[in-house]
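This report walks through a structure chain by chain, then turns to a few single residues. Please keep the sequence and the 3D view at hand while reading.

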Amino acid sequence: MALQSLDIKQRSATTTPAPQARQTMEIAKLIDVSACIGCKACQVACMEWNDVREEVGHNVGVYDNPTDLTENAWTVMRFTEVEENNKLEWLIRKDGCMHCSDPGCLKSCPAPGAIIQYSNGVVDFHQENCIGCGYCVTGCPFNVPRISKKDNKAYKCTLCSDRLAVNQAPACVKACPTGAIEFGSKEDMKDYAGKRIADLKERGYDKAGLYDPPGVGGTHVMYVLHHADRPGLYAGLPENPSISPLVSLWKGATKPLATFALGLAALGSLFHYVIKGPNEVAREIEEEIEKEDAS
Amino acid sequence: MIRDPKDLPRYNAAERANHWVTGICFILLALSGLAFFHPAFYPLVQLFGGGAWARIIHPYLGVILGIAFVVMFFRFWQLNLINDADREWLTRVGEMIEGNDHNMPEQGKYNAGQKMVFWSMAVCVSALVISGLLMWRAYFNFPVGIVRLAAVVHAAAATIMILVAIVHVYAAIWTKGTIRAMWYGTVTRAWAKQHHRAWYRQMTGK
Ligand code: HEM
Ligand code: SF4
């Protein structure tokens, strides 16, 4: 999405402040896993609005279809069967970008302006600036971005930033027939989640809770989970996600320090030459050789 | 016309070509790699026709460098084994840096500093080739934990290799009469006698 107004919070590979004349309210999408029936209307709406189509694949014996996120499938429903209290539970999680407050993708990206975080919390990939290195894949704690085989650009859920810009809710929210996907200000979504969680607790899910992981500064896609104590049940949702320490080491203070060391070595060499002068062949040795030749 | 037919041959044409292929690849790799290293260097992508081109070209150059370096390694490794004179040279490297090398221990074809450059380059190239292949998303998709480690190793090894290369190039510029050895392969006898006396004896029998 290239069109934008100036409500930007962070820009990839940029060391000066991003244009941030306007600050907007933080928004969030709330996915109530307990109310999802797995109909995939959201997947269809996503493909329709964004005009991307995943190739028809093969049935591999589970409901997941497509079986993974791809450059054309920015959201997929992940189905898990678990036995809890002697009852079969069918856990269905709508997977996709979490729109982290502290996005590992943006931190890793080497291309200026290829990843933008708006002040409303949306993390958006700008493919026209993307160079296709895949560093976002390396940085993301949720395994979300996908590099297209066709154009080598990275793609993922935009949270329908183009719709948000004109005051429309994301396409998936519009399409959900059960109200399992809600959209609004992050605060309102937390309040609403609180009510849903109270309701779930009343119905016997005493570990119900909100998934808004603090390790990535909170997310702008949140889940209501019946088993919030074990997010891993939901097709491996990370327990306590954060940007990997290796990624922080790779992208942290080491880079300016290394840059400084390189500059120092180059300037150090220059000044060594200026101060000490060249290491020349001594006149004396040249004369020795000339003498030998003459004799 | 050759100025002095008694100049000593130091590198034959194949060795020189091998070294230049490695050197050219290294410079292009360092420039394109630094572009991704820190935003301050990103404008370097313009040398390659933009960010996407720099990203595409870099790993292929890396493969060429890897092959060229392995060939060069087997040409020179025996000449770079560290001996006692080298250990003494290294403890007295301060005199060398002062530019006052008259009393340094006699050195063969390579002095201990050059040998250190050789071995650090060998370690860095191995680390860069392995980690670089692990990061190459156009062809591979290794588990993310491995790719993260590879990214750290690649960035660290690249920093060290560029530092070593700066020292390597500067040493050649600083020591007058050296660069011609890589241009057309010969050095003067006086140069050899001053800087690599043991090699001078071996070449001239004096
Ligand atoms: C077989 C050898 C090599 C391979 C396969 C390789 C591959 C890669 C890949 C895949 C990347 C990510 C960006 C991209 O996709 O272009 C990268 C980054 C980089 N490479 Fe290499 N490379 C190799 C050798 C080298 C060498 C010899 C240098 C020495 C200067 C170097 C310096 C860098 C630097 C500085 C980066 C940026 C690292 C960062 O983002 O922190 N590479 N390389
Ligand atoms: S989930 Fe991954 S792709 Fe989405 S904002 Fe977080 S780090 Fe970026």
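## Basis of the model

This is a predicted model, in which local features need pLDDT of at least 70 and side-chain atom pairs count only at pLDDT 80 or more, while totals for chains, interfaces and linings use all residues. Residues are numbered from 1 along each chain as its sequence is written, chains are lettered from A and ligands numbered from 1 in the order in which they are written, and side-chain values use heavy atoms, with hydrogens and water left out.

## Chain A: overall build

Chain A contains nine helices and eleven strands. These elements are DSSP runs numbered from the N terminus: helices are H or I with at least four residues, and strands are E with at least two. The C-alpha trace of chain A spans about 105 × 45 × 40 Å along its principal axes. Its radius of gyration is 27 Å, whereas a compact globule of 295 residues would have one near 19 Å. That radius is taken over C-alpha atoms, and the globule rule is 2.2 Å times the number of residues to the power 0.38.

Chain A is divided into domain 1, residues 8–233, and domain 2, residues 245–294; the bounds come from an automatic or database domain assignment. Taken over C-alpha atoms, the centres of domain 1 and domain 2 of chain A are separated by 51 Å. The contact between them takes five residues from domain 1 of chain A and four residues from domain 2 of chain A, where contact means heavy atoms within 4.5 Å.

Of the 295 residues in chain A, 53% are buried. Buried means under 20% relative accessible area, exposed means over 50%, and partly exposed lies in between (1.4 Å probe, protein chains only). The accessible surface of chain A is about 14,400 Å², and carbon and sulfur atoms account for 54% of that area. Accessible areas come from the Shrake-Rupley method with a 1.4 Å probe; for residues, only the protein chains shown count as cover.

Counting contacts in chain A between residues at least 6 apart in sequence, 61% join residues at least 24 apart. Chain A carries 31 positive and 38 negative side chains, with 6 Å between the centres of the two sets. Lys and Arg count as positive and Asp and Glu as negative, with His and the chain ends not counted; the place of a charge is NZ of Lys, CZ of Arg, CG of Asp or CD of Glu.

## Around A:Ser101

A:Ser101 lies in the loop between β4 (87–95) and α2 (104–108) of chain A. With a relative accessible area of 16%, A:Ser101 is buried. Leaving out residues up to four places away in sequence, A:Ser101 touches several others, among them A:Lys9, A:Glu26, A:Gln117, A:Gly217 and A:His220. A:Ala169 is 68 residues from A:Ser101 along the chain, and their C-alpha atoms are 20 Å apart.

## Chain B

Chain B has nine helices and two strands, in the order β-α-α-α-α-α-α-α-β-α-α along the sequence. Its C-alpha atoms fill a box of roughly 60 × 40 × 30 Å along the principal axes. Of its 206 residues, 47% are buried. Chain B exposes about 10,600 Å², with 70% supplied by carbon and sulfur atoms. The 19 positive and 10 negative charges of chain B have mean positions 9 Å apart.

B:Arg10 sits in the loop between β1 (8–9) and α1 (13–37) of chain B. B:Arg10 is buried, at 5% relative accessible area. Beyond its neighbours within four places in sequence, B:Arg10 is in contact with residues including B:Glu15, B:Tyr110, B:Gly185, B:Trp191 and B:Trp199.

## Backbone details in chain A

Most residues other than glycine have a negative phi, and most peptide bonds are trans. The peptide bond from A:Asn65 to A:Pro66 is cis, with omega near -5°. A:Pro66 belongs to the loop between α1 (41–50) and β3 (76–84) of chain A.

A:Asn143 has a positive phi, near 55°, and lies in the loop between α3 (135–139) and β7 (146–147) of chain A. At 46% relative accessibility, A:Asn143 is partly exposed. For A:Leu159, phi is also positive, near 55°. A:Leu159 is in the loop between β8 (154–155) and α4 (161–164) of chain A and is buried, at 1% relative accessibility.
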